[in-house]
Amino acid sequence: MTTTADTEAVRLPSGSRLPRALQGVSFIVDRRRAIRRLRRRHGSAFTVNVPLFGHCVVVSEPTLLKQLFMAGTDLANGSQPELAEVLGHGSLFGMDGDEHRRNRKLLVPPFHGKRMKEYEAIIEEETLREMASWPEGEEFPTLEPMMRITLNAILRAVFGAEGAEFQALREELPPFVLLGSRLAVLPIPQWKLGPLSPWSRFRARRRRIDVHIDSLIDRALADPALEERADVLALLLRARYEDGSGMSRQQISDQLLTLLAAGHETTATTLGWAVERLRRHPALLRRLVAEADAGGSELRQATVYEVQRTRPVVDLTSRRVVAPTMALGEWVIPQGYAVLASIDLTHEDGGLFPNAAAFDPDRFVGAHPDTYSWIPFGGGARRCIGAAFANMEMNVVLRTLLREFDLAPTAEPDERWHSRGVTFAPGRGGRALVRRRRDAAAGSTTAAVAAMSA
């Protein structure tokens, strides 16, 4: 059935009959488990009624996902007010229709072509700098080091930050991202809260961040080499809409923070999961080391895909019906309902991925993931704009890790999933045990590079 704006009789899949409060509690406590329980009881499409989203239809079949992602803005709204409240109303998350298209068009060029190669050098340098302090022979969590790598890389490649602003943003942004991730899964408050409330503390931190970004904008505008700069801030300052106008300072600040939120924590968390997975698959780990030493990348790329399939750090993406009704497969969904695309359920479908519970990167060797079966970045016009950047960053960090260190396997149980709000991280932080490689195959000398860039 073709998705349509024509009004039809509402026809919804079955779902939970529990009171909304109880459904909400199950989602807050463990929404991943709640989703799976509902799938087992009601099938691949079902309804829920939970805080933040309200009445929802959850889907996971690729045919329905394609219809949903390709639906026009006259049918379904893709904006996410809760994220716009966190990141600012100039963020792509708060836009739809022509406004979303116009702003996305300005943000696409920095993440394609030769600029990606320039960003790759920054990421490798930041990876080597961080790994220079990794302890040998002592187990440690990699999640926070990965966070520092991705944050520093984004500050340089996206914000164009250096000097005092770089140091200030390094301190301000991690607590901003963590608190924002938690607030984004809570209802937006409809009344003023006290100065000690989480929202008040968050907004105070945002104001301080805006001051630093404003300083970066002033410095960039005064830079005689602005036209040659490749960082995203410089590109946004040079970018123009169809009518010749440019973005306001507040829009630039909101979009920079959007790129940070979309590409910092999610990428770092996926890298933490990659370490967790590789330590439990020693045969694969040996193959990846041999490939990295030989200058190859096919298996490593497949491994990145498989980590994102088996450990997606974001479990849901959504649209909200704005037409009187929207047909989706056999269902007809009324205005106001949210349609949640379950990334988890899609990636776990054995009909799409044989032996889906197994961690098997070879399923992607020589095969690009299907657009509507592998959806860690969402899909359609709202697919994550930094997907190519994130993919490149994960490849570079893993390549550097494999060349610089021997990563010790482990027989410990899998790390549990831990909710950080929007994202799900390894419960023990993606723990690693490493020893620095002494052989000539190691690609570079970490300490020397770190000393040069200190």
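In the largest nonpolar core of this predicted model, which comprises 96 residues, F159, L173, L256, L257 and F389 touch the most other members; a nonpolar core is here a set of buried Ala, Val, Leu, Ile, Met, Phe, Trp, Tyr and Cys residues joined through side-chain atoms within 4.5 Å, and buried means under 20% relative accessible area, with a 1.4 Å probe and protein chains only. A second, separate core holds 22 residues, among them L68, I333, V339 and I343. When residues up to four places away in sequence are not counted, L256 touches V158, F159, I213, V232, L233 and L236, contact meaning heavy atoms within 4.5 Å.

T47 belongs to strand 1 (residues 46–50) and is buried, with a relative accessible area of 13%. Apart from neighbours within four places in sequence, T47 is in contact with L12, P13, S14, G15, S16, C56 and V57.

Residues are numbered from 1 along each chain as its sequence is written. Local features need pLDDT of at least 70 and side-chain atom pairs count only at pLDDT 80 or more, whereas totals for chains, interfaces and linings use all residues, and side-chain values use heavy atoms, with hydrogens and water left out.

Methods. Helix = DSSP H or I, 4+ residues; strand = E, 2+ residues; numbered from the N terminus. Buried < 20%, exposed > 50% of the residue type's maximum accessible area, 1.4 Å probe, protein only.
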